Every structure is written in C-alpha cells, then in structure tokens.
Amino acid sequence: MAVMITSECILCDACAMECPVAAILDEKNEKNPNQSRYYVKPESCVECVGHADSPRCAEACPTQGAIVWDMPYTAEYESYYADGNSNGTYAIRVHNKKGLMLPSVKEQPFIEYISKNDRESHAMLGDW
Ligand code: SF4
Ligand code: SF4
C-alpha cells in the first residue's frame with residue numbers, strides 16, 4: 001500500500017475523490033473487505049508519488065487517525081500482503097491473466113522517507 005483506512009473513518013467521502021489513481025472504495029463497494037469503513041486498495045495506491053507532495057487523501061480527511069501508514073507495496077512485503085489478503089484485511093485484485101496482483105506482479109511507488117517503524121506501527125499521517 002501505502003496507506004490504510006482505520007475504524008476511525010466516519011464515511012464522509014472527502015478522500016475518495018481526491019485520489020489520483022482511484023484507489024479508495026466506499027463502504028458499500030462490493031470489493032471493499034471492510035464494509036464499515038472506506039478502503040484503500042494497496043495494489044493501486046501510489047502514495048501520491050508523482051501526483052502530489054503528500055497523500056491527498058490524508059490532506060482531505062477531517063478525522064484524526066482515520067488514515068495511517070502501511071507497508072510499501074513492494075516484493076519485500078509480498079508475504080505481508082499475501083497473508084493480509086488471506087485473512088481478509090485486504091481484497092487484492094485478481095487479474096484475468098496475471099492472477100492475484102501481489103507486489104511481485106506489480107510493485108507501486110512509495111514515499112521513501114517514511115520510516116519502517118512508522119509503517120509497521122500504522123502511525124497517523126502527519127498534519128499537513
Ligand atoms: S495516498 Fe494518494 S494514491 Fe494512495 S489512496 Fe491516498 S490519495 Fe490515493
Ligand atoms: S476522508 Fe477520512 S473519514 Fe472521510 S471517508 Fe475518507 S478516510 Fe473516512
């Protein structure tokens with residue numbers, strides 16, 4: 001991923017329209033594994049790299065703690081995302097030909113200066 005939406009989400013819809021890669025699903029979307037909150041598709045999120053200086057979703061979100069860091073969507077974290085997909089944390093897209101779109105199939109850009117510790121602890125995105 002990237003970033004993750006937590007149970008603090010109040011379903012306000014401010015984030016989804018800001019995402020440059022349409023990575024955010026609302027709570028009613030059938031592809032959302034968490035039907036009580038918005039969901040970021042980790043296989044799609046680019047952390048806004050190449051689009052903005054910081055994640056646009058977090059800039060738009062009015063709720064502290066609703067959007068937090070997650071691990072980079074890179075092959076290094078293949079098992080993290082595979083396990084998360086198996087346990088229902090994520091619902092990673094299945095491509096017709098390529099199969100499950102895990103990081104080994106397609107990595108995504110990430111903001112390099114965010115520490116591994118902040119990502120592992122799902123730290124809140126900063127005050128922008
Ligand atoms: S960080 Fe950027 S690309 Fe990722 S979900 Fe938020 S707005 Fe979309
Ligand atoms: S902007 Fe924040 S609170 Fe609103 S839907 Fe998105 S994550 Fe939830």
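**Ground rules**

I number residues from 1 along each chain as its sequence is written, and I letter chains from A and number ligands from 1 in the order in which they are written. As the model is predicted, local features need pLDDT of at least 70 and side-chain atom pairs count only at pLDDT 80 or more, while totals for chains, interfaces and linings use all residues.

**Entry: overall layout**

I looked up the secondary structure and found 3 helices and 6 strands. Helices (H or I, at least four residues) and strands (E, at least two) are DSSP runs, numbered from the N terminus. Along the sequence the pattern reads β-β-β-α-β-α-β-β-α.

I then checked the overall dimensions. The C-alpha atoms fill a box of roughly 40 × 35 × 25 Å along the principal axes.

Buried residues make up 33% of the 128 residues. A residue is buried if 20 or more other C-beta atoms lie within 10 Å of its own, exposed if 12 or fewer, and partly exposed in between, with C-beta atoms placed from the backbone. Of the contacts with a separation of 6 or more, 72% join residues 24 or more positions apart. Two residues are in contact if their C-beta atoms, placed from the backbone, lie within 7 Å.

**Entry: the nonpolar core**

I looked up the largest nonpolar core, which has 28 residues. Such a core is a set of buried Ala, Val, Leu, Ile, Met, Phe, Trp, Tyr and Cys residues joined through C-beta atoms within 7 Å. Val 3, Ile 5, Ile 24, Val 40, Cys 57 and Ile 67 have the most contacts inside this core. Strands S1 (3-5), S2 (24-25), S3 (39-40) and S4 (67-69) and helix H1 (56-60) each supply at least two of its residues. The largest share, 3 residues, comes from S1.

I followed Cys 57 further. Leaving out residues up to four places away in sequence, Cys 57 touches Val 3, Cys 15, Glu 18, Cys 19, Ile 24 and Ile 67.

**Entry: the two ligands**

**Entry: Arg 56**

Arg 56 lies in helix H1. It counts as partly exposed because it has 19 C-beta neighbours inside 10 Å. Arg 56 and Cys 19 are 37 residues apart in sequence but 6.3 Å apart in space, C-alpha to C-alpha. Apart from neighbours within four places in sequence, Arg 56 is in contact with Glu 18, Cys 19, Pro 20 and Cys 48.

**Entry: the loop between S1 and S2**

I checked backbone angles here. Most residues other than glycine have a negative phi. Leu 11, in the loop between S1 and S2, has a positive phi of about 60° although it is not a glycine. Asp 13 is in the loop between S1 and S2, and its phi is near 75°. Leu 11 is partly exposed, with 13 C-beta neighbours inside 10 Å, and Asp 13 is exposed, with 12.

**Entry: helix H2**

In helix H2 (residues 78-86), I found Tyr 81, Gly 84 and Asn 85 buried. They cover an arc of only 100° around the axis, so they are on the same side of H2. The arc is that of the directions from the helix axis to the C-beta atoms. The face turned away from the buried side carries the exposed residues Ser 79, Asp 83 and Ser 86. Just after H2, Gly 88 takes a positive phi of about 90°.
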